[in-house]
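Thanks for coming. Please have a look at the structure on the screen, and then I will go through a few parts of it.

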Amino acid sequence: MAAIPSHNNLLTINHKNSITSSSSLNTNFSEINFPAKFRVATRALSRTDESSLSAVISRLERERRERQGLLIEEAEGAGELWMTAEDIRRRDKKTEEERRLRDTWRKIQGEDDWAGLMDPMDPILRSELIRYGEMAQACYDAFDFDPASKYCGTSRFTRLEFFDSLGMIDSGYEVARYLYATSNINLPNFFSKSRWSKVWSKNANWMGYVAVSDDETSRNRLGRRDIAIAWRGTVTKLEWIADLKDYLKPVTENKIRCPDPAVKVESGFLDLYTDKDTTCKFARFSAREQILTEVKRLVEEYGDDDDSDLSITVTGHSLGGALAILSAYDIAEMRLNRSKKGKVIPVTVLTYGGPRVGNVRFRERMEELGVKVMRVVNVHDVVPKSPGLFLNESRPHALMKIAEGLPWCYSHVGEELALDHQNSPFLKPSVDVSTAHNLEAMLHLLDGYHGKGERFVLSSGRDHALVNKASDFLKEHLQIPPFWRQDANKGMVRNSEGRWIQAERLRFEDHHSPDIHHHLSQLRLDHPC
């Protein structure tokens, strides 16, 4: 008896139970090496034809699956798909979670301020927090931070190929618009710029995107159509905190409509959201104008759909979390979460490691407008403690009322889900400013969180190696290299002549849509002709 000597001589069963082999079949076998980790013991086979060998192998494999709880699912036109019993349980769990989400999505979106869903942790809420966190993480994974690139400060992928390029092929969303902001504001350490003279833009940075769920995802997974807005933050460097003026000013000073001039937000966040540069084709419209016009367009398209409800979910990490809260407030204040028939569309904000944004009156106005906010934080992260280090929501109410007129009196909004990286057996217990602020680490902590005082147990099998994608946070014995994520050849490709060049990246569909003027005029916002 002789085992098959190498991978070149492996026998595999395809979806039609046929057999392929690169060597002769007139060999005796004691064992057949199937792909990956599976092995099937066989009886002695000698000088048999292809059809009889296929029948024997199929019968033996069927018996083995019955004994070991293994299953082969046939994939149409695509060879064999192997699933272990654990894979089957995960698939069934996902199917059940999707069914529950369709039935309870309003509660998951914060209809009741997540009462009873955080302790113990509701598995559907956990999955949704991870999913929207991954949408925010996609802003980092797609962003070009390399100053040696002439495209530094933009997305590495086109809008139409965004999720596929990031390997998020089952996201179920399509990017409707990219978001840009001008770098001519008082947060210089937040923006990235190329060191070359000939660049895609000298005055703009890519800030995120607006996406909408497709028909299948809306109907079968979410239970509604979802407009998702994701804002980019920072990766590890936190110098932008030092650039905060720590100064509150009324939102009305930047021409945001509000009935109460006492509603104030941090000046740097407000400028980043509302400023524009009419000389730049990417930043000629403010981030605010881009957001409001796109939400208006999508609500007009889907808001009164009789077949499904509609939701608006805004997400972001770090400074992106501040922009998520500010833009969600603006959407509600402008009443863009109302359909033409008057249907109210829920607006939910999910932030990760976000700072304080406004004063107590801003928080109260958010509550009056019905905007729901969930803030996921690492208790060792310094960013959620800024600004407003001394006068904030933790102080007595009477003191806050006395000090509410001061320009540095801040208050967090919404509900907080506090996580502690020292509870994870995968992460280093030491407190480092950048790692405690890491978004992938927060998603890892979410995956293992089951409630206050509960043991840390990963629930979905999400790969812990992702934590070290842009950090050195995992314990050494796990043997995951730090900062392992690298862009292939730093964006260099070979042209038709065989020379290495930086590939052209920007395309027309990444620019502002031609109907933005139409929607701006209907919103009665100031805009260039």
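Among contacts in the protein chain between residues at least 6 apart in sequence, what percentage join residues at least 24 apart? The figure is 68%. Keep in mind that this is a predicted model.

Some totals next. The protein chain has 529 residues, and 51% of them are buried. Its secondary structure consists of 14 helices and 17 strands.

Now a pair of helices. Helix 7 covers residues 267–274 and helix 8 covers residues 287–302; their axes lie 5 Å apart, at an angle of about 60 degrees. An angle of 65 to 115 degrees would count as roughly perpendicular, and helix 7 and helix 8 are therefore oblique to each other. Which residues meet there? From helix 7 they are Leu-272, Tyr-273 and Thr-274, and from helix 8 they are Ala-287, Arg-288, Ile-291 and Leu-292. By type, this contact has 5 nonpolar residues, 1 polar and 1 charged.

Last, helix 14, residues 516–523. Its buried residues include Ile-516, His-519, Leu-520 and Leu-523. Viewed down the axis of helix 14, the buried residues fall within an arc of 105 degrees, so they line one face of the helix. What covers the buried residues of helix 14? Strand 7, residues 173–182, is part of the cover, and helix 8 is too. After helix 14 comes Arg-524, with a positive phi near 60 degrees.

Technical notes. Residues numbered from 1 in each chain as written. Predicted model: local features only at pLDDT ≥ 70, side-chain atom pairs only at ≥ 80, totals over all residues. Heavy atoms only, no water. Axes fitted to C-alpha atoms, helices over the stretch in contact; angles between N-to-C directions. Helix = DSSP H or I, 4+ residues; strand = E, 2+ residues; numbered from the N terminus. Parallel < 35°, antiparallel > 145°, perpendicular 65-115°, else oblique. Contact = heavy atoms within 4.5 Å. Nonpolar A, V, L, I, M, F, W, Y, C, P; charged D, E, K, R; others polar. Buried < 20%, exposed > 50% of the residue type's maximum accessible area, 1.4 Å probe, protein only. Arc of directions from axis to C-beta.
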